Amino acid sequence: MNWELFSIIGTIAFAVSGAIVAMEEEYDILGVYVLGLVTAFGGGIIRNMLIGKPVVALWEQGMYFQIALFAMTVVFLMPVKYIRMWKTWEAFFDAIGLAAFAIQGALYATNMGHPLSAIIVAAVLTGIGGGMVRDVLAGRKPLVLKDEIYAVWGMLAGALVGLGWSQGTWQLAILFALIIILRMFSVNYKWKLPKRSLRDSLVESTRRSDS
């Protein structure tokens with residue numbers, strides 16, 4: 001299976017995502033490049049720090065950096081109508097990036113002999129780490145922790161790879177497709193994890209104490 005192709009698609013999707021967020025926040029062109037690169041490669045940096053793989057290994061991916069820089073330059077110069085068109089397909093390309101990077105992170109950790117827990121964390125951080133750093137730098141709450149189910153699919157990829165159920169080429173291909181399908185279902189049907197908000201309760205409690 002040509003993982004390089006999917007990694008390229010994921011790199012483009014994440015780099016463009018970061019660039020668009022930077023433009024939405026009215027950053028200058030330097031901010032566009034910084035946020036785009038952080039989104040595309042931040043997850044890999046966090047993963048490498050976690051599993052003990054040298055961070056400098058990322059700087060050897062010259063082709064991916066060139067692709068990311070080219071994609072960000074194109075989107076920066078692109079007319080707004082085409083950026084809107086991209087955003088209609090953003091979730092799909094983002095799902096490809098999540099699947100490719102989560103599986104990649106899980107395989108990295110597996111090949112280094114790490115336990116299942118570390119494999120799952122490596123998969124999740126590779127898939128969502130860049131987006132989390134992007135949102136923090138943009139002054140936003142990380143969407144991957146409050147939007148439709150996202151990180152769970154990275155955990156699933158890591159668990160299946162770590163348990164040895166998805167190590168053959170065809171098994172990885174099926175897992176890749178499964179993560180994309182589940183992510184798109186969660187987007188289309190607004191699947192969310194249970195949550196409990198204390199904001200209203202705290203406000204009501206404050207009002208009662210003041211009255």
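The model is predicted, with pLDDT of at least 70 needed for local features and pLDDT 80 or more for side-chain atom pairs, whereas totals for chains, interfaces and linings use all residues. Residues are numbered from 1 along each chain as its sequence is written, and side-chain values use heavy atoms, with hydrogens and water left out.

**Figure 1. Overall architecture of the chain.** The secondary structure consists of eight helices and zero strands, where helices (H or I, at least four residues) and strands (E, at least two) are DSSP runs numbered from the N terminus. From the N terminus on, the order of elements is α-α-α-α-α-α-α-α. The radius of gyration is 18 Å, close to the 17 Å given by the globule rule for 211 residues, so the chain is as compact as a globular protein of that length. This radius is taken over C-alpha atoms, and the rule is 2.2 Å times the number of residues to the power 0.38. Along the principal axes, the C-alpha atoms fill a box of roughly 65 × 45 × 35 Å. Of the 211 residues, 43% are buried (buried means under 20% relative accessible area, exposed over 50% and partly exposed in between, with a 1.4 Å probe and protein chains only). Among contacts (heavy atoms within 4.5 Å) between residues at least 6 apart in sequence, 74% join residues at least 24 apart.

**Figure 2. Packing of helix 5 against helix 6.** Helix 5 (residues 116-137) and helix 6 (residues 151-162) pack at an angle of about 140°, with their axes 8 Å apart. That angle makes helix 5 oblique to helix 6. Axes are lines fitted to C-alpha atoms, for helices over the stretch in contact, and angles run from 0 to 180 degrees between N-to-C directions; those under 35 degrees count as roughly parallel, over 145 as roughly antiparallel, 65 to 115 as roughly perpendicular and the rest as oblique. The crossing is right-handed, a term for a near helix turned clockwise from the far one by less than a right angle, with anticlockwise giving left-handed. From helix 5, Leu 116, Ile 119, Ile 120, Ala 123, Val 124 and Ile 128 meet Ala 151, Gly 154, Met 155, Gly 158, Ala 159 and Gly 162 of helix 6. The residues of this contact divide into nine nonpolar, three polar and no charged (Ala, Val, Leu, Ile, Met, Phe, Trp, Tyr, Cys and Pro count as nonpolar, Asp, Glu, Lys and Arg as charged, and the others, Gly among them, as polar).

Figure 3. Gly 162 counts as partly exposed, at 27% relative accessibility. Leaving aside neighbours within four places in sequence, Gly 162 is in contact with Thr 110, Leu 116 and Ile 119. Ala 109 is 53 residues from Gly 162 in sequence, and their C-alpha atoms are 8.5 Å apart. Ala 118, in helix 5, is buried, with a relative accessible area of 18%. Its C-alpha atom is separated by 9.0 Å from that of Gly 162, 44 residues away along the chain. Not counting residues up to four places away in sequence, Ala 118 touches Leu 50 and Ala 109.

Figure 4. The axes of helix 4 (residues 80-111) and helix 7 come within 9 Å and cross at roughly 135°. The two helices are therefore oblique to each other, and their crossing is right-handed. By class, the contact has 16 nonpolar, no polar and two charged residues. Residues that meet here include Asp 94 and Ala 95 in helix 4 and Arg 183 in helix 7. Arg 183 counts as buried, at 8% relative accessibility. Beyond neighbours within four places in sequence, the contacts of Arg 183 are Asp 94, Ala 95, Glu 148, Ile 149, Tyr 150 and Trp 153.

**Figure 5. Two loop residues with positive phi.** Most residues other than glycine have a negative phi. Glu 26, although not a glycine, has a positive phi of about 65°. Glu 26 is found in the loop between helix 1 (3-24) and helix 2 (29-51) and counts as exposed, at 73% relative accessibility. Lys 190, likewise not a glycine, has a positive phi of about 55°. Lys 190 is found in the loop between helix 7 and helix 8 (199-210) and counts as exposed, at 52% relative accessibility.
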